[in-house]
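Subject: A structure for you to look at

Hello,

Here is the structure I promised to pass on. Please open it beside this email and follow along as you read.

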Amino acid sequence: MKSAMPFMSSLSRHVFHPLWDLKDGSRRLRILRELERSQWLPLETLRTRQDERLRQMLRYAAAHSPYYERVFREQRFDPEHFQLPAFQALPLLTKAIIRSSTDEILSREFARSALGEHKTGGSTGVALTTYFDRDWLETRTADSLRSDQWAGCFHGMKIASLWGNPPLPKTLKQRVRALLIDRFVYLDTIDLHERSIEDFIARWRREKPEILFGHSHSLYMLARYVLEKGPQDLRPRGIISTSMMLLANERQAIEAAFGCKVTDRYGSEEVALIACECERHQGMHLNIEHLYIEFLRPDGTAAVPGEEGTIVITDLFNRGMPFIRYRIEDVGVPSARCCACGRGLPLMERVTGRVADYLKRRDGSMVAGVSLVERTLTAIPGLEQLQVVQSSFEDIVLNVVRAPDFNATTEQALLSEFRTVFGPGINIRAEYVEHIPQERSGKYRFSICRI
């Protein structure tokens, strides 16, 4: 049984957060209270709200975004009177279009200087800059706060955060906010090694954070250290994994190390929270109150429940830079199941990978690289970590971190598994490394296709 919330966490939640919002004129806690209620509404009610918000956003985009004004005209799409098939026939928004047409997509209602800005490197390392208005930012924050609650995390709690290049306070205002509002203990995943982990654990023991948060593989790396070294006193109330696919073996290790269930969250900088597990861990609840989410087959038709589909997002709130049918370059599996928690929010089964993580066979078929890595780690003893790098149809390198039970048959089984998947005549070789290298963001990639 979890103990009562510490005094400082309670003070931050019930006093400092509301006062800071009052000072800033922020609506995020009011939005959060509405979201706390609306999550229990029937799915039909939530779908009706979603449809109304979709139509409002399409009308807004037609009136204020030169890009959508042009696209709707070219497609003979009437945002005032349309059936869903007409919307589903609209061309997809891609990262390439965003890069080349940013000025045209932005709303005429906002000066660019009045908008917030996100810059991401993306899984392929190509920069993308997107923009958002203040109302969207407050909605994004409230979405995250609600999904935090599903992991047992409430605003005001101190959080142990594993993050690359964490935003450390510099000004007096930032330091005051960090003390009262944004109460984090950081482990910089760009500098992840035994000494930095030891320092982080020492700070954890002094500051006693209640929640553990971070990139899934960084959480796993910390969990491995804890399991190997044996400390038993690191016991958070909840764990939130985000920003990367959470593999089954990683989840198992993290939960064993910290004695706590992991809550898996999925989102992106461009459209914020997309889906998150609740306390039942029976799938990921889709954020349909603020997004319209499609799962598409390669031919553009809708994937059925249980079938993989490319994820396409329409943001129902970002008026500063409307995102309509945005191909986010991830692949997921929709679900027809209902969660036992009783929330009306529908489920997706899982995210199966990023488009950039899919490997390619010579016959043109695709292989979900991260899923292949997960299956291989589970099936073959002796493997601690694995990264697949495909430079051509004929060449695949397997970067392997050996586990203590690695033996002579491990490599043979590994190469045999990949030859079975990709067929004969492929040059597949294993290279042994001390660790899998990080991206500049501090994240890890386990499947890289360079074709």
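**What I found**

Phe 154 sits in the loop that runs between α7 (134-150) and β3 (159-163). Bear in mind throughout that this is a predicted model. Phe 154 is partly exposed, at a relative accessible area of 25%. What does Phe 154 touch, once neighbours within four places in sequence are set aside? The answer is Met 5, Arg 13 and Gln 149.

**The whole chain**

Step back and view the protein chain as a whole. It has 13 helices and 19 strands. Its C-alpha atoms fill a box of roughly 65 × 60 × 45 Å along the principal axes. How does the radius of gyration fit with a compact globule? A compact globule of 451 residues would have a value near 22 Å, and the protein chain has 23 Å, so the two agree.

Next, the inside and the surface. Buried residues account for 52% of the 451 residues.

Take the contacts between residues at least 6 apart in sequence. Of these, 67% join residues at least 24 apart.

Then the charges. There are 62 positive and 58 negative side chains. The centres of these two sets lie 3 Å apart.

**Cysteines**

How many disulfides are there? The count is 0. Cys 260 is in none, and the nearest cysteine sulfur is 11 Å away, in Cys 153. Cys 260 is buried, because its relative accessibility is 10% and the cut-off for buried is under 20%.

Cys 278 is another case to check. Its sulfur is 3.6 Å from the closest cysteine sulfur, that of Cys 339.

Some background comes first. Most residues other than glycine have a negative phi.

Ser 243 lies in the loop between β6 (238-242) and α11 (248-258). Is Ser 243 buried or exposed? It is buried, with a relative accessible area of 19%.

Arg 325 is the other. Its phi is also positive, at about 55°, and it is not a glycine. Look for Arg 325 in the loop between β11 (309-315) and β12 (326-334). At 3% relative accessibility, Arg 325 is buried.

Start with Ser 38. It belongs to helix α2 (residues 28-38). Ser 38 is buried, with a relative accessible area of 1%. Which residues is Ser 38 in contact with, beyond its neighbours within four places in sequence? They are Leu 46, Arg 49, Arg 146 and Glu 289.

Go on to Arg 361. You will find it in the loop between β14 (358-360) and β15 (366-368). Arg 361 is partly exposed, at 23% relative accessible area. Leave out residues up to four places away in sequence, and Arg 361 touches Met 366, Val 367, Phe 393, Val 421 and Phe 422.

Finish at Gln 412. This residue lies in helix α13 (residues 408-422). Is Gln 412 buried or exposed? It is exposed, because its relative accessible area is 60% and exposed means over 50%. Gln 412 and Gly 364 are 48 residues apart along the chain, and 26 Å separates their C-alpha atoms.

Best wishes

How values were computed
Residues numbered from 1 in each chain as written. Predicted model: local features only at pLDDT ≥ 70, side-chain atom pairs only at ≥ 80, totals over all residues. Heavy atoms only, no water. Helix = DSSP H or I, 4+ residues; strand = E, 2+ residues; numbered from the N terminus. Rg over C-alpha atoms; globule rule 2.2 N^0.38 Å. Buried < 20%, exposed > 50% of the residue type's maximum accessible area, 1.4 Å probe, protein only. Contact = heavy atoms within 4.5 Å. Lys, Arg positive; Asp, Glu negative; His and termini not counted. Charge placed at Lys NZ, Arg CZ, Asp CG, Glu CD. Disulfide = S-S within 2.5 Å.
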